[in-house]
Amino acid sequence: MLIFDSITFKNKYGIDLLTPYIARWEYKDRLDGSLPVIECDGQAKAILTLFHIFNNIRVMWSNPIKITSGYRTLEHQKRLIKEGKKAAKYSPHTKGVALDILAGTTYDNEQLYHLITDNYPWLRIGFHAYKQKFIHMDVAPLLPDDCIPDEKVILRGREYKLIDVWHEKGARW
């Protein structure tokens, strides 16, 4: 099931938007241009919540925020790993519930990071692990169990169920 055709609209320049601050081209997969297919109950609501939160953050920030990555296919995720990029085998990006964003300079990114964590402490945020070059934010804790792959991951030398990792509210890395 696709939700995106029903929420896409154009701005005055003819650019397809998903929200007032998210262009369709920014969110879609950068390799094949696809948008996420809704695979389970609760996924669409989580995506729309992510969009709502990003819009709120953008209004509070009052300056442009660039989205460098939104939805990614599993193939895209595998390619990032193969290229040696810092990417997880199983990422909330593959469910459409994550955004990588940047505000400009490292200082700007740090200020934006604090604005986000102060206002949305339950969001999962990656920042320091990426040398403060961008901010990863996701709403994976909102996904129901049946949306999350039944897999195990190794973090800091310990094995965890992926569902436990994705449901950890307020995670920081």
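For my tallies, Ala, Val, Leu, Ile, Met, Phe, Trp, Tyr, Cys and Pro count as nonpolar, Asp, Glu, Lys and Arg as charged, and the others, Gly among them, as polar.

Ground rules first. I am looking at a predicted model, where local features need pLDDT of at least 70, side-chain atom pairs count only at pLDDT 80 or more, and totals for chains, interfaces and linings use all residues. Residues are numbered from 1 along each chain as its sequence is written, and side-chain values use heavy atoms, with hydrogens and water left out.

**Largest pocket.** I looked up its volume and got about 1,000 Å³. A pocket here is an open set of points on a 1 Å grid over the protein atoms alone, where a 1.4 Å probe fits, with protein on both sides within 12 Å along at least five of seven lines; lining residues have an atom within 4 Å of a point. There are 37 lining residues, and K86, A87, A88, Y130 and W173 are the closest to the centre. Elements giving two or more residues to this lining are β4 (66-69), α4 (74-82), β7 (135-138), β8 (152-155) and α6 (162-166). Helices (H or I, at least four residues) and strands (E, at least two) are DSSP runs, numbered from the N terminus. By residue class, I have 17 nonpolar, seven polar and 13 charged in the lining.

**Second largest pocket.** This one comes to about 200 Å³. Its lining includes L17, Y21, W25, R58 and K66. β3 (22-23) and α2 each give two or more residues to it. I note eight nonpolar, no polar and three charged residues in this lining.

**Salt bridges.** I found seven in the structure, taking a salt bridge as a side-chain nitrogen of Lys or Arg within 4 Å of a carboxyl oxygen of Asp or Glu. R124 pairs with D138 at 2.8 Å, N to O. That links strand β6 (residues 124-126) to strand β7, across 14 residues. Both R124 and D138 are buried (buried is under 20% relative accessible area, exposed over 50%, partly exposed in between, with a 1.4 Å probe and protein chains only).

K152 and E159 also pair, with closest N and O atoms 3.9 Å apart. K152 counts as exposed because its relative accessibility is 53%, and E159 is exposed too, at 51%.

E83 bridges to R79 at 3.2 Å, and the two join K85 in a network of salt bridges. E83 is partly exposed at 43%.

**Loop residue.** Last, I checked V37, in the loop between α2 (24-27) and α3 (43-61). V37 sits 9.9 Å from T94, C-alpha to C-alpha, though they are 57 residues apart in sequence.

Notes: Grid points are joined across faces, edges and corners, and a volume is the space filled by probe spheres set on the points.
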